[in-house]
Amino acid sequence: MIVIVDYGMGNLRSVYNKLKRIECDAKISSDPEVISKAEKIILPGVGHFKNAMEKIKEYGLFELLNQKVLKDKIPVLGICLGVQLFTKKSEEGDVEGLGWIDAETVRFSIPEHQKIRLKVPSVGWNSVSLVKTDSLLFKGIDPQELFYFVHSYHLKSTNSSIVLGTSNYSYEFISCIEKDNIFGTQFHPEKSQDQGMQLFKNFVKM
Amino acid sequence: MIRPRVIPILLLKNLGLVKSVRFKNYNYIGDPINAVKIFNDLRADELVFLDIMASKEKRTIQLSFIERVGDECNMPFSVGGGIRTINDIKTILSAGAEKVIINSYAAENPEFIKNAAMEFGSSTIVASIDVKNNFFGKEATYTMGGTKSTGYNPVDFAKLMEEKGAGELIINSIEKDGTMEGYDLDLVKRISEAVTIPVIACGGAGTYEHMANCFKDSFASAVAAGSMFVYHGPRKAVLINYPAKNELLQIFSN
């Protein structure tokens, strides 16, 4: 069973619906008992980093998520704010994250002369160039396909081993990560048409 | 190259799909859920739903409707109409919408945009700015479906919305709405130059060339249209349509 972790931050239903379409046994829950039984976890997310971390703690999920991901090593997929929460800290609210990956969350820094064209938040369809070409997460997805992004912040890391793929918006940034059982996408697979569905299918099979 | 998003705007009245001319003369188009299915197949970038009567009727858009759209929709969609509380936003997002669009209440209480952005993040909050010339011929921001003048100059209001934390702006030219004679390029340009958040141009699109010009000359981050995507031909036969992937690249390539 896959649990979509409900920590009070947005768009769970569209992830749930996409999983249902591929006949996956999925539940939306914030109940520690349900989450503790999960075989896989998805951390979706729209919203503010600081609020999200506060809510994870308030719901009593902080320790449990650490246990499931770091000790039990079940596959976890973070989406948008979800993957940002995996990092050590964020400029958004200047708070610490879950710290599962060696990265930080920073705001887009667009040079003055590009500001009229490259607005923040970056909203729209962008390509992903895969660094790890053999990743199971992207199996069967045409590298030409675009994915849907909505974000003002992105991951930053000097540790290239976690980088699964990058995208470009004024400069190159990390748009998906993979480290052992930990996966994450800055874009929204649940909003990315057929290629997003394929990514979910790949994650479900892991 | 960055391709701007091309967004069908779908107007709702009594949960039916309608299309206006200059915010009036609403023509019934069809079933919105059916439209979503067609836009899925046509692989539209994003959809916008606006309940045009909600603010006047002091309510939000019906939740079960948003859930149905969310269940059906393969792409991001935003929802607007009558939003006045944090809880309204929470409900709409949890039903599957990517973003909420706030118009009337943004002008009435700009602090609300700030609170909403704090709670949900800027990328979720879209302010929509309806513009027309007032009685004295001066450009002004309107609310309540274009019936109420706010006294705000549109560029000033755009800057205020950015300052409060809106993540995106929809600029809708009331006098161009439904005319299909082209966007208000000057207005879109002035606002794009004044803010650093994405600007979605709306009102007046009739051809792909209009869209390309608005992107190229007015710096729109996205171009929206109503009539163009629901009508076909000079007699305005109802036909839901959307450019194919290669057409989209072609439109913005020059």
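## Strand β1 of chain B

In this predicted model, strand β1 of chain B spans residues 5–13 and is mostly covered, with eight of its nine residues buried. β1(B) pairs in the parallel sense with strand β12 (residues 222–225) of chain B, over four bridges. Within that pairing, Pro8(B) stands opposite Ala225(B) of β12(B). Strand β4 (residues 47–51) of chain B also pairs with β1(B) in the parallel sense, again over four bridges; here Ile9(B) has Val48(B) as its bridge partner.

The pairing of β1(B) with strand β2 (residues 16–21) of chain B is antiparallel and rests on three bridges. Leu12(B) is the bridge partner of Leu17(B) in β2(B). β1(B) and β2(B) make a hairpin with two residues between them, and Asn14(B) in the turn has a positive phi of about 50°.

## Nonpolar core

The largest nonpolar core contains 140 residues, and Leu169(B) and Ile171(B) have the most contacts inside it. β1(B) supplies the largest share of this core, six residues. In soluble globular proteins, nonpolar side chains tend to be buried together.

Leaving aside residues up to four places away in sequence, Ile171(B) touches Ile129(B), Val131(B), Leu187(B), Val188(B), Ile191(B), Val199(B), Ile200(B), Ala201(B) and Cys202(B).

## Helix α5 of chain B

Five residues of α5(B) are listed as buried: Phe112(B), Ile113(B), Ala116(B), Ala117(B) and Phe120(B). These residues lie on the same side of α5(B) because they cover an arc of only 130° around the axis.

The buried residues of α5(B) pack against several elements of chain B: α3, β6 (99–102), α4 (104–108), β7 (125–133) and α6 (154–164).

## Contact between chains A and B

In the contact between the two chains, 29 residues of chain B meet 25 residues of chain A. On the chain B side, the elements that give two or more residues are α2 (63–72), α3 (86–94), α5 (111–120) and α7 (185–194). Of these, α5(B) gives the most, with three residues.

By residue type, the side of chain B that touches chain A divides into nine nonpolar, twelve polar and eight charged residues.

Technical notes: Residues are numbered from 1 along each chain as its sequence is written. Chains are lettered from A and ligands numbered from 1 in the order in which they are written. This is a predicted model: local features need pLDDT of at least 70, side-chain atom pairs count only at pLDDT 80 or more; totals for chains, interfaces and linings use all residues. A residue is buried if 20 or more other C-beta atoms lie within 10 Å of its own, exposed if 12 or fewer, and partly exposed in between; C-beta atoms are placed from the backbone. Two strands pair if DSSP finds at least two bridges between them. A nonpolar core is a set of buried Ala, Val, Leu, Ile, Met, Phe, Trp, Tyr and Cys residues joined through C-beta atoms within 7 Å. Two residues are in contact if their C-beta atoms, placed from the backbone, lie within 7 Å. Ala, Val, Leu, Ile, Met, Phe, Trp, Tyr, Cys and Pro count as nonpolar, Asp, Glu, Lys and Arg as charged, and the others, Gly among them, as polar. The arc is that of the directions from the helix axis to the C-beta atoms.
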